[in-house]
Amino acid sequence: MTDGPRPSSEELVKTIFAAALDKKALDVVSLYMEPLIGLTDYFVIATGANDRQLEAIVDEIERKVRTIHQIHPVAREGKRADSWIVLDFTDVVVHVFLQEARDEYRLEKLWSEARQIRAEDAEAPRS
């Protein structure tokens, strides 16, 4: 999976933020989940304007994480025709939605007690 030491969750989130923003993802936010569920440290949530952009965002996240950290997701759920794609990097789970699906599932509201960090407001989240 990785040749060197595993990056911190915060480093991984920073890379994911950069990749998502490079592909013009909208409303990119991380939720600090570790104290709430203990299975993962962060959720990163982003929105694509259409199915092509959704796939481009996901592909860029995978490419950048693989290139910088030599890590592949342990799971990927969804495909271009879907309105929600999930990448599981163990410590960070990425959710990329089309707007209608993001409005329907409202992960930020569901996990409203999680500390939120917007990509444009921080270089990297700190725990």
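## Lys23 and its partners

In this predicted model, Lys23 touches Gln53, Ala56, Ile57 and Glu60, when neighbours within four places in sequence are left aside. Lys23 itself is placed in the loop between α1 and β1. With a relative accessible area of 34%, Lys23 is partly exposed.

One of these partners shows how the folded chain brings separated positions together. Along the sequence, Lys23 and Ile57 are 34 residues apart, yet their C-alpha atoms are 5.5 Å apart in space. Ile57 also belongs to the residues of α3 that make the contact with α1.

## The packing of α1 and α3

Two packed helices are described by the angle between their axes and the distance between the axes. Helix α1 covers residues 9–22 and helix α3 covers residues 51–69. The two pack at an angle of about 140°, and their axes are 8 Å apart. Angles over 145 degrees would count as roughly antiparallel; α1 and α3 are therefore oblique to each other. The crossing in which α1 passes α3 is right-handed.

On the side of α1, the contact is made by Glu11, Leu12, Thr15, Ile16, Ala18, Ala19, Ala20 and Asp22. On the side of α3, Ile57, Glu60, Ile61, Lys64, Val65, Ile68 and His69 take part. Sorted by class, this contact of α1 with α3 has nine nonpolar, two polar and four charged residues.

## Two residues with positive phi

Lys24 is found in the loop between α1 and β1, the latter being residues 26–32. The phi angle of Lys24 is near 65°, a positive value in a residue other than glycine. Lys24 counts as exposed, since its relative accessibility is 60% and the exposed class begins over 50%.

Gln70 lies in another loop, the one between α3 and β3, where β3 is residues 75–77. Its phi is near 55°, again positive in a residue other than glycine. Gln70 has a relative accessibility of 35% and counts as partly exposed.

Pro7 is located in the segment before α1. At 10% relative accessibility, Pro7 counts as buried, because the buried class takes in values under 20%. When residues up to four places away in sequence are not counted, Pro7 touches His69 and Ile71. His69 is also one of the α3 residues in the contact with α1.

Pro7 and Phe17 are 10 residues apart along the chain, and 15 Å lies between their C-alpha atoms.

Helix α4 is made of residues 99–105, and Glu100 is placed in it. Glu100 is exposed, having a relative accessible area of 58%. Between the C-alpha atoms of Glu100 and Ser9 there are 28 Å, with 91 residues separating the two along the chain. Tyr105 also has its place in helix α4. With a relative accessible area of 39%, Tyr105 is partly exposed. Its contacts, neighbours within four places in sequence aside, are with Trp84 and Phe97. Tyr105 and Glu55 are 50 residues apart in sequence, and their C-alpha atoms are 19 Å apart.

Helix α5 spans residues 107–110 and includes Glu108. The relative accessibility of Glu108 is 16%, and Glu108 thus counts as buried. Beyond its neighbours within four places in sequence, Glu108 is in contact with Asp27, Val29, Leu31, Ile45, Arg102 and Gln116.

## The chain as a whole

The chain has five helices and six strands. Read from the N terminus, its elements follow the order α-β-α-β-α-β-β-β-α-α-β. The radius of gyration is 13 Å, close to the 14 Å given by the globule rule for 127 residues, so the chain is as compact as a globular protein of that length. Along the principal axes, the C-alpha trace spans about 40 × 30 × 25 Å.

Of the 127 residues in the chain, 46% are buried.

Note on methods: Residues are numbered from 1 along each chain as its sequence is written. This is a predicted model: local features need pLDDT of at least 70, side-chain atom pairs count only at pLDDT 80 or more; totals for chains, interfaces and linings use all residues. Side-chain values use heavy atoms; hydrogens and water are left out. Axes are lines fitted to C-alpha atoms, for helices over the stretch in contact, and angles run from 0 to 180 degrees between N-to-C directions. Helices (H or I, at least four residues) and strands (E, at least two) are DSSP runs, numbered from the N terminus. Angles under 35 degrees count as roughly parallel, over 145 as roughly antiparallel, 65 to 115 as roughly perpendicular and the rest as oblique. A crossing is left-handed if the near helix is turned anticlockwise from the far one by less than a right angle, and right-handed if clockwise. Contact means heavy atoms within 4.5 Å. Ala, Val, Leu, Ile, Met, Phe, Trp, Tyr, Cys and Pro count as nonpolar, Asp, Glu, Lys and Arg as charged, and the others, Gly among them, as polar. The radius of gyration is taken over C-alpha atoms; the globule rule is 2.2 Å times the number of residues to the power 0.38. Buried means under 20% relative accessible area, exposed over 50%, partly exposed in between (1.4 Å probe, protein chains only).
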